[in-house]
Amino acid sequence: MPPKVHKRFDDDGDTADLPIVSVNEQVATTTSKKNKNKKKNKKKNKANANQEQNHAAQPAPLPDSTQNGQQKTELTNGASEQVSAEPSLEQSPKEPVPEKSKPSTQESRPNKRKNIKSNGAVQFLDSEDEGDAALMESDDDENALARSSVSANGSNKRARIDLKNKLFQTRIQLPMYQAGEEVVERIMANEVTVLLGETGSGKSTQLPQLLYAQGNKEEPQRIAITQPRRVAAINLATRVSEEMGEVLGQKVGYSVRFQNNSHPHYTHIKYLTDGMLLRELMGSADLEQYSTIILDEAHERTLLTDLLMGLLKRIMKRRNAEGSDNRLRLVVMSATLDAERFSKFFDNADILFVEGKMYPVQRYYLNEPVDDIVDSTIQAVCQVNQDEPSGDILAFLPGQDEIEKVAQRINDLAPELPKEAPLLVALPLYASLASTAQQRAFEPLPGKNRRKVICATNIAETSLTVPGVRYVIDSGLRKIRVWKPDLGMDTLLTTPISQAAASQRMGRAGREAPGKCFRLFTEDTYTSDLPKQTEAEIVRCDVASAILMLKRAGVDDVLGFDWVESPGKRAISAALLKLYGLKALDDEGKITALGNQMALLPVAPQLAAVLLSAQAQGGSKLLSTVIDVVACISVEDLLVNPHPEVRDAVNERRRTLFGGATEWGDLVMLKEMYDMYSRITDVGDKKVWCREVCVSYKGMKNVMLVRTQIKNYMRGLLGDKPTRAKQEQPAAEEQDDEDDYEDDEDFDLDDLKSNIRGQFDIKGLIKCFLHGYVGNAALGLPDRRYKSILNGQTLNIHPSSMLFGQKLEAIMYLEFVYTTKPYARMVSPIQAEWLHEIAPHLLG
């Protein structure tokens with residue numbers, strides 16, 4: 001069989017075939033076992049000796065001193081050096097670029113756009129990417145990223161000033177800084193401005209600083225900048241605080257889900273997720289604390305960004321009325337040509353265009369489609385490593401599962417590859433990954449002749465710049481959630497990306513030097529099958545949370561609301577029915593007192609109803625139990641799907657360990673699982689336990705973080721708001737790196753066998769969840785199927801459930817999925833009379 005080839009399209013339209021080298025994918029691996037009493041000391045003694053030999057290990061972070069004779073935050077000099085417009089945690093040394101590789105002049109734009117010139121140009125445009133809601137709402141402690149920067153060390157003022165002076169040399173090369181005077185003049189002259197800023201322009205970091213400089217002590221500018229992703233909000237705030245020589249959390253701060261590093265009086269530049277700005281709007285209807293609001297990355301068309309644009313349009317009509325002395329300016333920043341849509345929505349607002357900086361990127365296509373994206377990605381990585389000069393590789397994959405597989409197999413294969421090529425070190429990068437592991441993707445590798453392979457979701461498409469990347473491998477796939485209102489079903493699907501997203505991914509290879517992009521699909525697929533733009537999230541997701549926020553903001557006519565793009569009558573009607581079932585709305589569609597509280601919690605409306613019901617029904621003890629389970633539910637992919645060969649053994653092990661779950665279902669299993677994990681004191685033993693019961697160890701670490709964060713939120717809502725100093729923190733062992741511990745061969749799972757009776761209120765737990773998921777109740781049929789009480793849909797209990805195969809009077813489920821047939825997942829048994837007790841308004 002002839003080898004697969006890529007087709008390259010260079011700047012002149014020429015093509016060239018590039019064969020993919022085959023690799024042996026079957027590499028034997030061994031796992032050493034240590035005695036429980038000696039394992040940590042042995043681990044420490046062997047650490048230095050094994051650093052170069054154990055190629056599969058994750059690299060340790062570099063010290064703060066120097067790497068290759070250069071401080072991590074110091075930029076190399078050179079007129080032709082490319083400067084990243086977006087913040088990275090550390091600046092790695094960059095290779096000098098030949099004079100001929102300098103960007104060329106950008107072609108002219110339509111007359112409507114005020115084309116503000118700079119001496120940089122762009123080869124490829126920023127574009128939309130699919131924001132995976134589950135990943136965007138990850139709950140790991142990203143404050144560790146901010147703490148790693150110099151600006152977080154407020155005690156060293158001299159270090160902050162030195163860093164500010166060094167970064168100033170970077171700022172003055174950015175097109176946004178160079179065009180700043182004219183940009184600011186036009187923004188200050190308009191109520192709404194749409195800014196089309198290309199990749200590398202510096203729009204996210206420079207514009208807030210330029211606008212802030214327009215204020216004075218008597219009338220200081222207070223600026224809010226929204227980001228779709230929490231990781232980007234934290235990193236951008238960190239970078240801007242460094243550029244201004246400020247301590248993060250004072251003049252420059254951030255606010256993301258569960259974390260607030262800002263001051264209500266001293267912070268003037270505040271980066272926050274769009275969801276957090278919406279929650280501020282819940283408490284301050286006109287957002288009077290801000291003089292300027294910047295909606296960044298608006299082209300991503302997330303549900304909350306679209307919702308914000310509609311609400312801000314209403315707010316500006318009130319605040320900018322004639323005679324007002326507290327006017328609001330709005331800047332909508334986009335990285336694609338979709339800016340025209342935003343201009344029309346805001347009554348033909350002016351569009352400003354700022355060019356960016358990009359280096360040429362060559363494109364390569366496959367001649368034939370591939371079936372196994374994991375195998376194809378590994379082959380492409382090995383080919384690049386063998387044939388291309390220095391430079392790191394960024395591989396875009398659909399989701400966490402594919403990322404873990406590719407990273408593990410590359411690290412297993414690395415020692416077997418030709419020694420003349422760099423040693424491959426694969427690193428994952430996705431939003432739910434622990435922050436210490438995320439940081440490794442931004443750090444140079446220790447030692448020589450090594451090459452990073454960053455395996456990432458679309459989190460790396462925008463806002464984050466990974467230093468050193470010269471090669472991009474694009475699977476052309478993404479994972480999205482699609483909501484079907486008629487069935488009440490939310491499904492995670494793997495789908496092709498858009499042409500705009502493909503261009504955005506390709507651009508990652510040209511941020512610092514000329515690069516190459518290897519697309520694992522054909523040219524015909526790109527031109528014929530991929531849509532030009534990514535669809536808005538609002539047309540394919542559950543809008544119940546958005547509708548609840550509109551009601552909380554005083555918008556009663558949600559059908560007549562001024563949407564950028566309406567989700568449709570069916571989706572809105574389904575959302576209203578769901579909120580009515582949760583008692584968030586009354587019979588007239590008005591928001592209730594319970595609904596007002598639900599809108600203030602940063603979780604889905606169903607889970608908000610569950611938490612508030614627990615406090616009302618059982619007090620703090622029941623609430624604590626419910627929070628444990630909600631934290632487990634909030635972490636994606638906590639339960640690992642076992643291999644078919646061991647599935648029965650794993651299920652039997654779970655039934656043995658979690659005895660209460662065989663009678664009371666999957667919610668009780670999660671509570672037992674959390675309690676059992678918490679009782680294990682040794683981190684190495686926790687890893688063994690997680691592997692034996694097929695639970696993600698990284699996921700359990702995130703559960704501990706989410707649990708702490710939810711408890712703090714509930715305290716604030718219930719009037720016992722903890723101060724920063726008093727906020728609970730997870731146990732120190734949960735923050736340790738998992739690679740610092742060995743497995744314990746003497747660890748015995750039977751010692752932890754659960755006996756839950758009397759330890760918590762089982763029926764109270766299930767009833768609390770029924771308050772939030774009453775629409776997900778189904779009555780038993782004679783053939784072991786179940787019928788939904790709302791739409792009559794018949795379904796089966798999923799084989800992964802602890803209640804699979806049982807015949808029950810009625811069930812409640814948290815998820816409805818369709819594979820070979822309709823299935824209910826996360827199932828608990830309920831009694832029919834509970835439905836009449838909890839939801840008489842639904843059952844008549």
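## Serine 498

At 2% relative accessibility, serine 498 counts as buried (buried means under 20% relative accessible area, exposed over 50%, and partly exposed in between, with a 1.4 Å probe and protein chains only). Serine 498 lies in the loop that separates strand S18 (489-496) from helix H15 (499-507); helices (H or I, at least four residues) and strands (E, at least two) are DSSP runs, numbered from the N terminus. The model is a predicted one, in which local features need pLDDT of at least 70 and side-chain atom pairs count only at pLDDT 80 or more, while totals for chains, interfaces and linings use all residues. Residues are numbered from 1 along each chain as its sequence is written, and side-chain values use heavy atoms, with hydrogens and water left out.

Leaving aside neighbours within four places in sequence, serine 498 is in contact with Leu530, Pro531, Lys532, Gln533 and Thr534, where contact means heavy atoms within 4.5 Å. With threonine 534 there is also a side-chain to side-chain polar contact of 2.8 Å. Such a contact is a pair of N or O atoms within 3.5 Å; within protein, one must be able to donate a hydrogen and the other to accept it, and residues adjacent in sequence count only if both atoms are side-chain atoms. The C-alpha atoms of serine 498 and leucine 477 are 9.1 Å apart, and the two residues are separated by 21 positions in sequence.

## Overall composition

The protein contains 29 helices and 24 strands. Of its 844 residues, 59% are buried. Among contacts with a separation of 6 or more, 75% join residues 24 or more positions apart.

Strand S4 (residues 192-197) is largely enclosed by the rest of the structure, because 6 of its 6 residues are buried. Val192, Val194 and Leu196 point one way, and Thr193, Leu195 and Gly197 point the other way. S4 pairs in the parallel sense with strand S10 (residues 329-334) over 5 bridges, and 5 bridges also join S4 to strand S11 (residues 350-354), again parallel. Two strands pair if DSSP finds at least two bridges between them. Valine 194 stands opposite valine 332 in S10, and its bridge partner in S11 is isoleucine 351.

Helix H7 (residues 203-212) is mostly covered, with 9 of its 10 residues buried. Its buried residues include Lys203, Gln206 and Leu210.

## The barrel

A barrel is closed by 5 strands in the order S20-S21-S22-S24-S23, with mixed pairing. From one strand to the next, the twist averages 50°; axes are lines fitted to C-alpha atoms, for helices over the stretch in contact, and angles run from 0 to 180 degrees between N-to-C directions. Helix H23 (residues 666-679) packs on the sheet and touches strands S23 (810-818) and S24 (822-830), its direction making about 75° with that of S24.

Strands S20 (residues 777-780) and S21 (residues 786-788) run antiparallel and are joined by 3 bridges. Leucine 779 has lysine 787 of S21 as its bridge partner.

## Nonpolar cores

The largest nonpolar core has 120 residues, and Ile293, Leu611, Val626, Trp689 and Phe769 have the most contacts inside it. Such a core is a set of buried Ala, Val, Leu, Ile, Met, Phe, Trp, Tyr and Cys residues joined through side-chain atoms within 4.5 Å. Helix H20 (residues 605-634) gives the most to this core, with 15 residues. A second, separate core of 32 residues includes Val384, Ala395, Leu424 and Leu520.
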